[in-house]
Amino acid sequence: MIPVPSSNIVSIGYEENTLYVQFHSGTLYAYYNVPESVYHALMTAPSHGKYLAAHVKGHYAYKRIG
């Protein structure tokens, strides 16, 4: 997990096509079958939260894991 400067997200991780997002609320989500290019775009986006909302949420299956 890599800490990111965000008002909503604490850290982001990526392993074997699974994107992990830890929020300030303490919840951790896993998003499945996410291409590595989407992960890299998320990590370099000016706003991690806006990118997540526009390009990940609603596009990939997910599960709350923590």
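These legends walk through several close-up views of a predicted model. Residues are numbered from 1 along each chain as its sequence is written, and side-chain values use heavy atoms, with hydrogens and water left out. As this is a predicted model, local features need pLDDT of at least 70 and side-chain atom pairs count only at pLDDT 80 or more, while totals for chains, interfaces and linings use all residues.

**View 1. The sheet holds five strands.** Here you see an open sheet in the order β1-β2-β3-β4-β5, with antiparallel pairing. The edges belong to β1 (2-3) and β5 (62-64); each has a single partner strand, so one side of each is left without a neighbour in the sheet. Strands (E, at least two residues) and helices (H or I, at least four residues) are DSSP runs, numbered from the N terminus. Two strands pair if DSSP finds at least two bridges between them. Strands of a sheet pair through backbone hydrogen bonds, either parallel or antiparallel.

View 2. Is S11 buried or exposed? S11 is buried, with a relative accessible area of 9%; buried means under 20%, exposed over 50%, and partly exposed in between (1.4 Å probe, protein chains only). Across from S11 in β2 stands P3, and β1 and β2 pair in the antiparallel sense over two bridges. A hairpin through five residues joins β1 to β2. Leaving aside neighbours within four places in sequence, S11 is in contact with M1, I2, P3, V4, Y20, V21 and Q22, where contact means heavy atoms within 4.5 Å.

**View 3. β2 and β3 make a hairpin.** Two residues lie between these strands, and E16 in the turn has a positive phi of about 50°. Six bridges join β2 to β3, which run antiparallel. Look for I12, which stands opposite V21 in β3.

**View 4. L28 belongs to strand β4.** Strand β3 (residues 18-23) pairs with strand β4 (residues 28-32) in the antiparallel sense over five bridges. Which residue stands opposite L28 in β4? Q22 does. Apart from neighbours within four places in sequence, the contacts of L28 are M1, Y20, V21, Q22, K63, R64, I65 and G66. The C-alpha atoms of L28 and S11 are separated by 9.4 Å, and these residues are 17 apart along the chain.

**View 5. Two helices meet the sheet.** Helix α1 (residues 36-44) lies across β1, β2 (9-15) and β3, running at about 155° to β2. Helix α2 (residues 48-55) packs on the sheet and touches β2, β3 and β4, with its direction at about 55° to that of β2. Axes are lines fitted to C-alpha atoms, for helices over the stretch in contact, and angles run from 0 to 180 degrees between N-to-C directions.

**View 6. H48 lies in helix α2.** H48 is buried, with a relative accessible area of 6%. Not counting residues up to four places away in sequence, H48 touches V4, P5, S6, I9, I12, L42 and M43. In α2, H48, Y51 and L52 are buried. They cover an arc of only 100° around the axis, which puts them on the same side of α2; the arc is that of the directions from the helix axis to the C-beta atoms. What covers the buried residues of α2 includes β2, β3, β4 and α1.
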